[in-house]
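Dear colleague,

Please find below the structure that I am handing over to you, together with its sequence. My notes on what was found in it follow directly after.

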Amino acid sequence: MKVKKMEAGLYCVHCKEEVNHEITYINSDIKSIRCLQCNRTKELKVDLKKEFYKEIYERIATKPTRMTKEYRDDLSHLLFSLPVRAMKKPYRILKDVNTSRKVIKTYKTKKSIK
């Protein structure tokens with residue numbers, strides 16, 4: 001899962017003017033919107049387990065298509081890179097799982113504080 005933050009000028013109901021807000025995304029869903037002037041935050045519900053499973057499903061479902069494209073583009077490169085990629089894959093998966101765990105842990109910590 002990827003967490004992205006960006007700034008945007010939005011109208012704040014509390015400040016009664018257009019000010020900068022920090023918008024936090026988890027993958028492509030908005031998680032929170034925070035006014036940078038008055039610090040009010042609007043939290044939105046994001047089903048992190050659903051996002052995690054959707055991300056894994058997308059990667060698994062598109063793998064045959066991606067491998068076929070690589071095969072058609074350059075077979076020799078695919079054959080030479082396959083052993084190295086096969087060895088690195090478990091570490092990449094572990095890295096992705098750890099990143100997703102951190103996101104889920106951060107979200108649950110904030111949720112239990114309220």
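**Salt bridges**

The side chains of Glu 51 and Lys 54 form a salt bridge, with an N to O distance of 3.5 Å. Please bear in mind that this is a predicted model. Both residues belong to helix α1, where Glu 51 and Lys 54 are three residues apart, about one turn of the helix.

In the whole structure, five salt bridges were found. Another of them joins the side chains of Lys 69 and Asp 73, at 2.9 Å from N to O. Lys 69 and Asp 73 also lie in helix α1, four residues apart, which is again about one turn of the helix. Both Lys 69 and Asp 73 are exposed.

A further salt bridge brings together the side chains of Glu 22 and Arg 34, at 3.3 Å from N to O. This pair links distant parts of the chain, as Glu 22 is in strand β2 and Arg 34 is in strand β3, twelve residues apart. Arg 34 counts as partly exposed because its relative accessibility is 25%.

**Aromatic and nonpolar residues**

Which aromatic residues pair with each other? The search of the whole structure gave one aromatic pair. The pair consists of Phe 52 and Tyr 53, with 5.9 Å from centre to centre and 55° between the planes, and it is tilted.

Tyr 53 also takes part in a nonpolar patch on the surface, together with Ile 56 and Ile 60. The accessible area of these three residues together is about 320 Å². Tyr 53 is classed as exposed because its relative accessible area is 54%, over the 50% limit. Ile 56, which is placed in helix α1 (residues 48-73), is partly exposed at 34% relative accessibility.

**Helix α2**

A patch of positive charge on the surface is made up of Arg 66, Lys 88, Arg 92 and Lys 95. Helix α2 (residues 75-113) supplies three residues, the largest share of this patch. Arg 92 is located in helix α2 and counts as partly exposed, with a relative accessibility of 44%.

Thr 99 is likewise found in helix α2, and its relative accessibility of 35% places Thr 99 among the partly exposed residues. Thr 99 and Val 3 are 96 residues apart along the chain, and their C-alpha atoms are separated by 9.7 Å.

**Two asparagines in loops**

Asn 27 is not a glycine, although its phi is positive, at about 55°. Asn 27 sits in the loop between β2 (17-26) and β3 (29-35) and is partly exposed at 21% relative accessibility.

Asn 39 also has a positive phi, of about 70°, without being a glycine. The loop that holds Asn 39 runs between β3 and β4 (41-43). With a relative accessible area of 48%, Asn 39 is partly exposed.

With kind regards

Conventions: Residues are numbered from 1 along each chain as its sequence is written. This is a predicted model: local features need pLDDT of at least 70, side-chain atom pairs count only at pLDDT 80 or more; totals for chains, interfaces and linings use all residues. Side-chain values use heavy atoms; hydrogens and water are left out. Patches are made of residues with over 30% relative accessible area and no salt bridge: like charges are joined within 9 Å, nonpolar side chains (Val, Leu, Ile, Met, Phe, Trp, Tyr) within 5 Å. Accessible areas come from the Shrake-Rupley method with a 1.4 Å probe; for residues, only the protein chains shown count as cover. A salt bridge is a side-chain nitrogen of Lys or Arg within 4 Å of a carboxyl oxygen of Asp or Glu. Buried means under 20% relative accessible area, exposed over 50%, partly exposed in between (1.4 Å probe, protein chains only). Rings of Phe, Tyr and Trp (its six-membered ring) pair if their centres lie within 6.5 Å; planes under 30 degrees apart count as stacked, over 60 as edge-to-face and the rest as tilted. Lys and Arg count as positive and Asp and Glu as negative; His and the chain ends are not counted. The place of a charge is taken as NZ of Lys, CZ of Arg, CG of Asp or CD of Glu.
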